[in-house]
Amino acid sequence: MKTTDNKELTKAEEQVMQAIWKIGKGFANEIVAAVGADVAYSTVLTVVRILEQKGFVAHETFNRSNRYYPLIKREEYMQQMLGRMTRNYFGSSARALVSFLVDKKEVSLADLEAITKAIES
(Lines give C-alpha, C1' and ligand atoms only; values in the text may rest on other atoms or scores of the structure.)
Protein backbone atom coordinates (compact mmCIF):
# COMPACT_ATOMS: atom_id res chain seq x y z
CA MET A 1 0.00 0.00 0.00
CA LYS A 2 1.43 3.34 -1.05
CA THR A 3 1.63 6.17 1.43
CA THR A 4 -0.83 8.15 -0.71
CA ASP A 5 -3.46 5.39 -0.89
CA ASN A 6 -5.62 6.86 1.86
CA LYS A 7 -4.97 10.50 1.07
CA GLU A 8 -7.15 12.74 -1.03
CA LEU A 9 -6.14 16.00 -2.61
CA THR A 10 -7.95 19.23 -1.84
CA LYS A 11 -9.08 21.33 -4.80
CA ALA A 12 -5.97 23.54 -4.55
CA GLU A 13 -3.66 20.54 -4.16
CA GLU A 14 -5.22 18.85 -7.16
CA GLN A 15 -4.77 21.99 -9.24
CA VAL A 16 -1.06 22.10 -8.38
CA MET A 17 -0.65 18.33 -8.88
CA GLN A 18 -2.24 18.63 -12.33
CA ALA A 19 0.41 21.23 -13.17
CA ILE A 20 3.22 19.03 -11.84
CA TRP A 21 1.92 16.00 -13.72
CA LYS A 22 1.73 18.12 -16.86
CA ILE A 23 5.33 19.35 -16.68
CA GLY A 24 6.85 16.22 -15.11
CA LYS A 25 9.63 17.97 -13.23
CA GLY A 26 9.80 21.66 -12.59
CA PHE A 27 11.04 24.53 -10.52
CA ALA A 28 8.56 26.65 -8.57
CA ASN A 29 8.25 29.31 -11.28
CA GLU A 30 7.48 26.60 -13.87
CA ILE A 31 4.79 25.10 -11.63
CA VAL A 32 3.26 28.55 -11.05
CA ALA A 33 3.19 29.14 -14.82
CA ALA A 34 1.63 25.71 -15.42
CA VAL A 35 -1.10 26.37 -12.84
CA GLY A 36 -1.97 29.30 -15.07
CA ALA A 37 -4.58 30.92 -12.86
CA ASP A 38 -4.08 34.09 -10.91
CA VAL A 39 -2.56 32.21 -7.99
CA ALA A 40 0.21 33.80 -5.96
CA TYR A 41 3.69 32.29 -6.15
CA SER A 42 3.77 31.90 -2.36
CA THR A 43 0.42 30.09 -2.39
CA VAL A 44 1.65 27.58 -4.96
CA LEU A 45 4.82 26.97 -2.93
CA THR A 46 2.78 26.42 0.22
CA VAL A 47 0.65 23.85 -1.60
CA VAL A 48 3.75 22.15 -3.01
CA ARG A 49 5.18 21.83 0.51
CA ILE A 50 1.90 20.28 1.69
CA LEU A 51 2.04 17.86 -1.24
CA GLU A 52 5.55 16.88 -0.17
CA GLN A 53 4.35 16.24 3.39
CA LYS A 54 1.50 14.09 2.06
CA GLY A 55 3.93 12.04 -0.06
CA PHE A 56 2.70 13.14 -3.50
CA VAL A 57 5.74 15.23 -4.45
CA ALA A 58 9.48 15.25 -3.79
CA HIS A 59 12.28 17.56 -4.81
CA GLU A 60 15.91 17.62 -5.74
CA THR A 61 18.04 20.64 -4.94
CA PHE A 62 20.21 22.52 -7.43
CA ASN A 63 22.23 25.27 -5.74
CA ARG A 64 19.45 26.99 -3.78
CA SER A 65 16.57 26.02 -6.05
CA ASN A 66 14.34 22.97 -5.75
CA ARG A 67 13.06 21.03 -8.71
CA TYR A 68 9.85 19.22 -7.85
CA TYR A 69 8.55 15.98 -9.31
CA PRO A 70 5.56 13.70 -8.66
CA LEU A 71 5.93 10.55 -6.58
CA ILE A 72 2.63 9.17 -7.84
CA LYS A 73 1.51 8.96 -11.44
CA ARG A 74 -1.67 10.72 -12.47
CA GLU A 75 -3.19 7.41 -13.56
CA GLU A 76 -2.46 5.84 -10.16
CA TYR A 77 -4.21 8.67 -8.35
CA MET A 78 -7.13 8.50 -10.79
CA GLN A 79 -7.45 4.77 -10.12
CA GLN A 80 -7.38 5.32 -6.35
CA MET A 81 -10.01 8.06 -6.49
CA LEU A 82 -12.29 6.20 -8.90
CA GLY A 83 -12.02 3.06 -6.78
CA ARG A 84 -12.84 5.03 -3.62
CA MET A 85 -15.79 6.75 -5.29
CA THR A 86 -17.09 3.44 -6.68
CA ARG A 87 -16.84 1.79 -3.23
CA ASN A 88 -18.29 4.72 -1.29
CA TYR A 89 -21.13 5.75 -3.61
CA PHE A 90 -21.90 2.76 -5.81
CA GLY A 91 -21.44 -0.26 -3.54
CA SER A 92 -18.25 -1.27 -5.38
CA SER A 93 -20.30 -1.76 -8.53
CA ALA A 94 -18.87 -0.46 -11.79
CA ARG A 95 -22.26 -1.24 -13.31
CA ALA A 96 -23.97 1.10 -10.82
CA LEU A 97 -21.41 3.80 -11.62
CA VAL A 98 -21.95 3.52 -15.38
CA SER A 99 -25.74 3.40 -14.91
CA PHE A 100 -25.53 6.60 -12.86
CA LEU A 101 -23.48 8.31 -15.57
CA VAL A 102 -25.92 7.18 -18.25
CA ASP A 103 -28.92 8.36 -16.22
CA LYS A 104 -27.26 11.77 -15.75
CA LYS A 105 -26.46 11.89 -19.47
CA GLU A 106 -22.72 12.04 -18.77
CA VAL A 107 -22.11 9.12 -21.14
CA SER A 108 -23.27 9.15 -24.73
CA LEU A 109 -24.36 6.17 -26.82
CA ALA A 110 -21.06 6.42 -28.71
CA ASP A 111 -19.20 6.31 -25.38
CA LEU A 112 -21.13 3.19 -24.35
CA GLU A 113 -20.32 1.50 -27.65
CA ALA A 114 -16.63 2.33 -27.19
CA ILE A 115 -16.72 0.98 -23.63
CA THR A 116 -18.39 -2.22 -24.84
CA LYS A 117 -15.73 -2.67 -27.56
CA ALA A 118 -12.96 -2.09 -25.01
CA ILE A 119 -14.47 -4.71 -22.69
CA GLU A 120 -14.84 -7.23 -25.52
CA SER A 121 -11.22 -6.86 -26.65
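Which backbone oxygen does the side chain of Thr86 reach at 2.7 Å? It is the backbone oxygen of Leu82.

## The model

This is a predicted model, in which local features need pLDDT of at least 70 and side-chain atom pairs count only at pLDDT 80 or more, while totals for chains, interfaces and linings use all residues. Residues are numbered from 1 along each chain as its sequence is written, and side-chain values use heavy atoms, with hydrogens and water left out.

## Overall layout

The chain has 6 helices and 3 strands. Both are DSSP runs numbered from the N terminus: helices are H or I with at least four residues, and strands are E with at least two. Along the sequence, the order is α-β-α-α-β-β-α-α-α.

The radius of gyration of the chain is 18 Å, whereas a compact globule of 121 residues would have one near 14 Å. That radius is taken over C-alpha atoms, and the globule rule is 2.2 Å times the number of residues to the power 0.38. Along the principal axes, the C-alpha atoms fill a box of roughly 55 × 30 × 25 Å.

## Surface, contacts and charge

Of the 121 residues in the chain, 26% are buried. Buried means under 20% relative accessible area, exposed means over 50%, and partly exposed is in between (1.4 Å probe, protein chains only). The chain exposes about 8,400 Å². Carbon and sulfur atoms supply 53% of that area. Accessible areas come from the Shrake-Rupley method with a 1.4 Å probe; for residues, only the protein chains shown count as cover.

Contact means heavy atoms within 4.5 Å. Take the contacts with a separation of 6 or more: residues 24 or more positions apart account for 51% of them.

The chain has 17 positive and 15 negative charges, and their mean positions are 4 Å apart. Lys and Arg count as positive, Asp and Glu as negative; His and the chain ends are not counted. Each charge is placed at NZ of Lys, CZ of Arg, CG of Asp or CD of Glu.

Thr86 sits in helix H4, residues 74–90. Its relative accessibility is 10%, so Thr86 counts as buried. Leaving aside neighbours within four places in sequence, Thr86 is in contact with Gly91, Ser92, Ser93, Ala94 and Leu97.

Thr116 belongs to helix H6. Here the relative accessibility is 38%, so Thr116 counts as partly exposed. The side chain of Thr116 reaches the backbone oxygen of Leu112 at 2.9 Å. Such a polar contact is a pair of N or O atoms within 3.5 Å; within protein, one must be able to donate a hydrogen and the other to accept it, and residues adjacent in sequence count only if both atoms are side-chain atoms.

## A buried glutamate

Is Glu13 buried or exposed? Glu13 is buried, because its relative accessible area is 6%. Glu13 lies in helix H1, residues 11–23. A polar atom of its side chain lies 2.9 Å from the backbone nitrogen of Thr10. Not counting residues up to four places away in sequence, Glu13 touches Glu8, Val47, Ile50, Leu51 and Lys54.

## Positive phi in two loops

Asn63 lies in the loop between strand E2 (57–62) and strand E3 (65–70). Its phi is near 55°, a positive value in a residue other than glycine. Asn63 counts as exposed because its relative accessibility is 81%.

Lys105 lies in the loop between helix H5 (94–103) and helix H6 (109–120). Phi of Lys105 is near 60°, a positive value in a residue other than glycine. With 71% relative accessibility, Lys105 counts as exposed.
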